Amino acid sequence: MKLVRFGEAGSERPGLMDGETLRDLSGVIDDVTGDTLDDDMLDRLRSIDPTTLPAVEGNPRLGPCVGHFGKFLCIGLNYSDHAAETGAAIPEHPILFFKANSAVVGAFDDVVMPRGSTHTDWEVELGVVIGKAAKYVPKEDALDYVAGYCVVNDVSERHFQTQLTGQWTKGKSCDTFGPTGPYLVTRDEVPDPQNLAMSLDVNGNRMQTGTTATMIFTVAEIIEHLSGLMTLHPGDVITTGTPPGVGMGMKPPTYLSVGDVMEVEIEGLGRQRQEVKMDA
């Protein structure tokens with residue numbers, strides 16, 4: 001299934017895609033959140049004949065594909081080819097940082113650079129949505145704890161990230177720096193999360209081309225590692241790193257400007273589009 005949330009920001013309703021038709025799920029569930037992502041509920045939704053659900057007219061805004069985010073956990077330097085382009089050593093363990101939940105926006109919402117930003121960068125990433133509580137989960141069982149997958153653009157202000165004293169979170173958490181969706185694609189539609197093509201274009205020019213096959217730590221290994229440190233809860237989202245082609249890695253480095261358009265895609269998970277603006 002491809003689950004969505006549609007409507008104005010803060011008032012999204014749950015839906016699912018029936019081919020190209022958006023169907024309204026609000027008569028079945030209140031929202032697509034951690035409370036509705038367990039296997040029993042997903043099986044119930046799969047059993048519904050989508051043609052019995054109301055079709056949504058027009059082209060409503062698609063919000064973040066998960067409502068009421070729990071934790072927004074991010075893995076850094078998790079692609080061998082991306083680590084190489086930045087000159088970084090291959091990490092011994094998954095590098096973890098957090099992104100503020102207030103960064104989360106829909107897949108087609110604007111990305112708004114904060115005041116003073118000169119080094120805002122792009123990062124296509126595979127998002128993993130947790131469906132049930134995970135604690136001390138072995139990697140052999142880890143994917144059973146996944147509700148589904150989504151596209152995330154881990155927008156990053158590199159000056160804030162590296163030059164303002166502290167951790168990466170400062171450059172990762174600006175408002176609008178977490179476009180998520182458009183779909184939450186349930187795990188039964190993604191038989192191998194380590195075999196997905198990824199791309200990101202800026203103004204029609206291909207910047208990132210990659211595959212989840214070059215991850216240093218697999219989705220299962222990331223869940224094993226994180227669940228050994230903290231309980232992962234339904235509705236938590238993990239972004240799993242980016243392939244090469246980020247602006248910071250170019251020679252000379254290249255960053256986003258007002259009016260730029262990013263188009264972000266992962267095989268089978270959908271496509272995003274964001275226009276870049278500057279905060280007033």
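A residue is called buried when its relative accessible area is under 20%, exposed when that area is over 50%, and partly exposed in between (1.4 Å probe, protein chains only). This is a predicted model, in which local features need pLDDT of at least 70 and side-chain atom pairs count only at pLDDT 80 or more, while totals for chains, interfaces and linings use all residues. Residues are numbered from 1 along each chain as its sequence is written, and side-chain values use heavy atoms, with hydrogens and water left out.

The cysteines come first. A disulfide is a pair of cysteine sulfur atoms within 2.5 Å, and the structure holds 0 of them. For Cys65, which is in no disulfide, the nearest cysteine sulfur belongs to Cys150 and is 4.0 Å away. Cys65 has 0% relative accessibility and therefore counts as buried. Cys74 is in no disulfide either; its nearest cysteine sulfur, again that of Cys150, is 11 Å away. With a relative accessible area of 0%, Cys74 is also buried.

Next is the stretch around β10. Strands are DSSP runs (E, at least two residues), as helices are (H or I, at least four), and are numbered from the N terminus. Asp144 sits in the loop that links β9 (124-130) to β10 (146-153). Asp144 counts as partly exposed because its relative accessibility is 41%. Ala147 is placed in strand β10, and at 1% relative accessibility Ala147 counts as buried. Gly27 is 120 residues from Ala147 along the chain, and their C-alpha atoms are 21 Å apart.
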